[in-house]
Amino acid sequence: MQDTIKRRDFIKQAAASSMGLGLMGASAPAILKSGSPNENIVVAIMGTNSRGAALAQGFSRLAGAEVAYICDVDEQAITKGVKATKEGGQKKVPKGIKDFRQALDDKSVNALVIAAPDHWHAPAALMALQAGKHVYVEKPCSHNPREGELLVEAAGHTKLVVQMGNQRRSWPNVVEAMQQLKEGAIGRPYLARAWYANTRTSIGKGKKVSVPSGLDYDLWQGPAPRKPYQDNIIHYNWHWFWHWGTGELLNNGTHFIDLCRWGLGVDYPVRVSSGGGRYAYNDDWETPDTQLTHYDFDNETSIAWEGRSCNGHPLEGMSASASFYGEKGTLVIEGNGYTIYDNKNREIKKVAERKVNTTDTSGPGFDLDADHLANFTAAIRTGKQPVSFIEDANKSVHLCHLGNIAYRTQKVLHCDPKNGRIMGDEEAMALWGREYEPGWEPQV
Ligand SMILES: NC(=O)c1ccc[n+]([C@@H]2O[C@H](COP(=O)([O-])OP(=O)(O)OC[C@H]3O[C@@H](n4cnc5c(N)ncnc54)[C@H](O)[C@@H]3O)[C@@H](O)[C@H]2O)c1
């Protein structure tokens, strides 16, 4: 496996940092039972139907990590998660449990990995932090802006590591492309474009049916106010309902808008607008399948997002990516590679994609995920900030939430560039947070 930290190198690095040699920039103590660099970082994975199974495999393949719990409210997903750890080469069979809170009660667990649906991300992360666990939370880290603020605040109160699953932050050639932008390869970049195109089919009109055996629907809903079970939500299609999901803008936009924000070096916008609709089918799907969103920043830069969930025609030959336009040229991210063009559109530099394991359909491939997972465990051992630390990662998620609020209110939002808060618009601010099922309100 290409750039995964190999066990031998990992032990060398970990030993060096625990001796204060600062190989990985250690500053705070590693939070492990004995402090031994050879001790495994023990994780519990929450939600293993698809992405969580890929993460279970990724962590079980990672040197110095061990998956102790597979937590899912669906028995079939528990089976998938356990199988994934075996495929990852882990000999010890993890415990399969329905309620992740049991794993939070186990003192030997160092971290919770959250790959449940979006309405669970921030509430579960807050519960994990309260239990003293590090957190790897899938993108988007929140269901709404208020949850993002709560999570950042809670993380700030601890020395625990909170990393988001925007794994491109760890891809070597993408990191290099961002460095090229900073060094002026295209002059000052002033426009970044992010896009995603797919040919998702209709989810139809759901029927109210009884909850399938083996699924704890009450715990699946958790913090979200209760709704009757219907047959076109679980699994995956919850993404397209505002009650649990956040639409394509946060589902895939988070990855690519994060690249745009990183490359332009911006935080919060001054103006946000967004249009589109559920154009392709007439069914229960609530979020837009077609969405154009625009962000302006106070340093004369803009980000544009194009999401097409039901028409997969590629842009720049790719179904999803980000590109940058500057005074002297253009840089296009191409998976884990990039190309730079001059202002006459001549190719001046091309860095080819690194080969990845393409058998994984739940993310970009184990080999690329591995760098991000290794960055997380290294941060736990060394106390060094992970690349997708929550204060920063949340800014990209926040941009996506603002896009959805602009779409839902059909208004141009004016924002405070210091903190991303919407100014002078009560209707838009009504979408800042959400109602919770009584007893499930997240707390810092
Ligand atoms: N970083 C990436 O590239 C990437 C890729 C795919 C998905 N994701 C993210 O991962 C998350 C999961 O996506 P998915 O496609 O696997 O969704 P999914 O609906 O297929 O799976 C979610 C799983 O979570 C389980 N779950 C729900 N409530 C739970 C609870 N209380 N405790 C334990 N398990 C619970 C469900 O039963 C299900 O098995 C999403 O937020 C998505 O945005 C990230």
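The dialogue below takes up the nonpolar cores and then the ligand.

Tutor: This is a predicted model, in which local features need pLDDT of at least 70 and side-chain atom pairs count only at pLDDT 80 or more, while totals for chains, interfaces and linings use all residues. Residues are numbered from 1 along each chain as its sequence is written, and side-chain values use heavy atoms, with hydrogens and water left out.

Student: How many residues does the largest nonpolar core have?

Tutor: A nonpolar core is a set of buried Ala, Val, Leu, Ile, Met, Phe, Trp, Tyr and Cys residues joined through side-chain atoms within 4.5 Å; buried means under 20% relative accessible area (1.4 Å probe, protein chains only). Here the largest core has 91 residues, and Leu-331 and Phe-324 are among those with the most contacts inside it. A second, separate core of 23 residues includes Ile-45 and Ile-380.

Student: Which residues surrounding the ligand are the closest?

Tutor: A residue is near a molecule if one of its heavy atoms lies within 4 Å of it. In this model 29 residues surround the ligand, the closest being Asn-49, Asp-72, Asp-118, His-121 and Trp-238.

Student: Which polar atom of Arg-51 is 2.9 Å from a ligand oxygen, backbone or side-chain?

Tutor: A polar contact is a pair of N or O atoms within 3.5 Å. For Arg-51, the atom at 2.9 Å from a ligand oxygen belongs to the backbone. Asn-49 instead places a polar side-chain atom 2.7 Å from an oxygen atom of the ligand, and a side-chain N or O atom of Asp-118 is 2.7 Å from a ligand oxygen.

How values were computed
Buried < 20%, exposed > 50% of the residue type's maximum accessible area, 1.4 Å probe, protein only. Polar contact = N/O pair within 3.5 Å; in protein donor to acceptor, adjacent residues only side chain to side chain.
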